[in-house]
Amino acid sequence: MKLPLPALFAAPLAFLFAVTIADPDLLQDVCVADLASGIKVNGFTCKSNFSADDFFFNGLAKPGLTNNTQGSRVTAANVQFIPGLNTLGVSLARIDYAPGGLNPPHTHPRATEIVFVIEGQLDVGFITTANVLVSKTIKMGEIFVFPKGLVHFQKNNGKVPAAVIAAFNSQLPGTQSIAATLFAASPPVPDNVLTKAFQIGTKEVKKIKSRLAPK
């Protein structure tokens, strides 16, 4: 009996889909990133020689400086700072917030994020694809999760500094800040796209672009 075409392709397509959506298993003990290599691959090429320093980072020990426009500072501990994380699928960050500080709405296209509050209190939230805001106030010792790819934020509405340790299921989760992505892209997003999308005038668009332009 001859199988219909959909059935004939079902098994190989199912196999291909299963292979492409899952992170591959390691094929060796370690693959320490060669950050200086000019070879472009999905991730980083492996160094032939490595040391304990490739697996070490002390950058999260001290608070980051928050004397900036947003009143927050993200200190990343990803593969770009810890080459030994290459192919391991994990990374961390420390986020510090001044009183009133904001980690503005952003997404991580390659990772789910989980934050653990080590100081202070934060108002946090994410927005679903149905435009539902899921928000909560979290304090020291508590945890909140931001699902992969969804827009989210953290705001310190307290009168004292706050800080979290954030964990990601990616060696390099990537970050797209919504405002900066739209109003500070290079080349710039056309004004007529932004005026129509946000229902504002060209003057307002140019004003926002000037404020968000890299200093």
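Predicted model: local features only at pLDDT ≥ 70, side-chain atom pairs only at ≥ 80, totals over all residues.
Two elements each give two or more residues to the patch: β4 (113-119) and β7 (143-146). Then pick out isoleucine 143, which lies in strand β7.

Next, select alanine 33. Alanine 33 sits in the loop between α1 (5-21) and β1 (72-77). Is this residue buried or exposed? Alanine 33 has a relative accessible area of 2% and is therefore buried. Show its surroundings: leaving aside residues up to four places away in sequence, alanine 33 touches Phe44, Thr45, Lys47, Val79, Pro83 and Asn86. The C-alpha atom of cysteine 46 is 5.0 Å from that of alanine 33, although the two residues are 13 apart along the chain.

Side chains of opposite charge can pair when their charged atoms come close. The structure holds five salt bridges.

Select aspartate 54 with lysine 47. Their side chains meet in a salt bridge, at 3.0 Å from N to O. Aspartate 54 counts as buried because its relative accessibility is 9%, under the 20% limit. Lysine 47, at 29%, counts as partly exposed.

Move on to arginine 94 and aspartate 96. Their closest N and O atoms are 3.0 Å apart, and the two residues form a salt bridge. Which side of the burial limit does each partner fall on? Arginine 94 is at 7% relative accessibility and so counts as buried. Aspartate 96 is buried too, with a relative accessible area of 4%.

Now select lysine 139 and glutamate 142. This salt bridge has an N to O distance of 2.9 Å. Lysine 139 is partly exposed at 44% relative accessibility, and glutamate 142 is also partly exposed, with a relative accessible area of 27%.

For the last stop, select Asp191, Lys206 and Lys209 together. Which kind of link joins these residues? Asp191, Lys206 and Lys209 are connected in a network of salt bridges.

Conventions:
Residues numbered from 1 in each chain as written. Heavy atoms only, no water. Helix = DSSP H or I, 4+ residues; strand = E, 2+ residues; numbered from the N terminus. Buried < 20%, exposed > 50% of the residue type's maximum accessible area, 1.4 Å probe, protein only. Contact = heavy atoms within 4.5 Å. Salt bridge = Lys/Arg side-chain N within 4 Å of Asp/Glu carboxyl O.
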